[in-house]
Amino acid sequence: MHDFLHELWHSLTHTDSGILKLIKDLFTHPKRVYFGYFSGKRKTYFSPVTFFLITATILLLIGNKIYDYEDYVRLADNPNGFNEMGRYVFDMTKFKTLILLPFQVLLIWIFYHKRFNLAKIIVFFLYFHGLIFVIQIIISPIYFLLILHKELLDSIVAVITFILLFWHLNLVFGMKNWKTYLLNFILLNVFHIINYLVIFYLLYGEALFEQTKTKNIFGFILELYKL
């Protein structure tokens, strides 16, 4: 915790290469950030690994508080009991991004390794996921205001993530032709499927298909898109 707070303070007080400048640039000029770091301007931008870890840590802390508040509200509304499934899902899947990263990096590397090495692809996803964490942190007050509509808010965040990832994939890996746009859209859907496979596996393990009432991976995918 001491190291975390020290790194956080250091990142906030360095305006030229701090975390706040990185966040601003990722919102306004994301392509410049990615290619700037790829080209060797390491001191210009905040460390992607530290950015990922700091934003993830803050989001986990806020996530616990959101579920504490949800439990409080639902218990007040229903003194005889309330649904703890949301907290269980959060506790079981809060590290899923770390599990997803290798799959995402490997898939992009397979198709774009002639133009981008593995390190650059890892940097891309660390920065991107950090940006998504920042967005979730920024909108977290809305969760407290609309806590009874948390599932709807989660769905909105999922859609925003889907759209942003497609945009950023095309910014970095696209070649401004329909083939790469189509490839990135297909990869995006593969990420989407893997994401929910990981979530349901973490929740149900080998009983994944039984719990989702599907017979195989193809049935699971079909059910996933129905949802």
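This is a tour of a predicted model, taken selection by selection.

**Before selecting anything**

Because the model is predicted, local features are reported only at pLDDT of at least 70 and side-chain atom pairs only at pLDDT 80 or more, while totals for chains, interfaces and linings use all residues. Residues are numbered from 1 along each chain as its sequence is written, and side-chain values use heavy atoms, with hydrogens and water left out.

**The whole chain**

Display the protein as a cartoon: its secondary structure comes to 11 helices and zero strands, where helices (H or I, at least four residues) and strands (E, at least two) are DSSP runs numbered from the N terminus. Colouring by burial, you will find that 41% of the 227 residues count as buried, a term that means under 20% relative accessible area, with exposed meaning over 50% and partly exposed lying in between (1.4 Å probe, protein chains only). Among contacts between residues at least 6 apart in sequence, 69% join residues at least 24 apart, a contact being heavy atoms within 4.5 Å.

**The largest nonpolar core**

Next, select Phe-51, Ile-108, Phe-124, Phe-125, Tyr-127 and Phe-173, which touch the most other members of the largest nonpolar core, a group of 52 residues. Such a core is a set of buried Ala, Val, Leu, Ile, Met, Phe, Trp, Tyr and Cys residues joined through side-chain atoms within 4.5 Å. At least two residues of this core come from each of helix H2 (19-28), helix H3 (30-38), helix H4 (48-77), helix H6 (96-112), helix H7 (118-145), helix H8 (150-173) and helix H9 (178-204), and the largest share, 14 residues, is supplied by H7.

Now centre on Phe-124 and show what surrounds it: leaving aside neighbours within four places in sequence, Phe-124 is in contact with Tyr-34, Phe-38, Leu-165, His-168, Leu-169, Val-172 and Phe-173.

Not counting residues up to four places away in sequence, Val-172 touches Tyr-34, Phe-35, Phe-38, Arg-115, Phe-116 and Phe-124.

H3 is followed by Gly-40, whose phi is positive, near 105 degrees.

Select Thr-55 in helix H4, which counts as buried at 3% relative accessibility. A polar atom of the Thr-55 side chain lies 3.1 Å from the backbone oxygen of Phe-52. Beyond residues up to four places away in sequence, Thr-55 touches Gly-130, Phe-133, Val-134 and Ile-137.

Apart from neighbours within four places in sequence, Ile-137 is in contact with Thr-55, Ile-58, Leu-59 and Ile-62.

Ser-140, also to be found in helix H7, is buried, with a relative accessible area of 7%. Its side chain reaches the backbone oxygen of Ile-137 at 2.6 Å, and, not counting residues up to four places away in sequence, Ser-140 touches Ile-62 and Ile-66.

**Where H9 meets H11**

Two packed helices are described by the angle between their axes and the distance between the axes. Select H9 together with helix H11 (residues 217-226): they pack at an angle of about 105 degrees, with axes 11 Å apart. Here axes are lines fitted to C-alpha atoms, for helices over the stretch in contact, and angles run from 0 to 180 degrees between N-to-C directions. H9 is therefore roughly perpendicular to H11, a label that covers 65 to 115 degrees.

To display the contact, show Asn-189, His-192, Ile-193, Tyr-196, Leu-197 and Phe-200 of H9 with Ile-217, Phe-220, Ile-221, Leu-224 and Tyr-225 of H11.

**Last stop: Lys-213**

Finally, select Lys-213 in the loop between helix H10 (208-211) and H11. Lys-213 counts as exposed, at 78% relative accessibility, and its phi is near 55 degrees, a positive value in a residue other than glycine. Most residues other than glycine have a negative phi.

How values were computed. Angles under 35 degrees count as roughly parallel, over 145 as roughly antiparallel, 65 to 115 as roughly perpendicular and the rest as oblique. A polar contact is a pair of N or O atoms within 3.5 Å; within protein, one must be able to donate a hydrogen and the other to accept it, and residues adjacent in sequence count only if both atoms are side-chain atoms.
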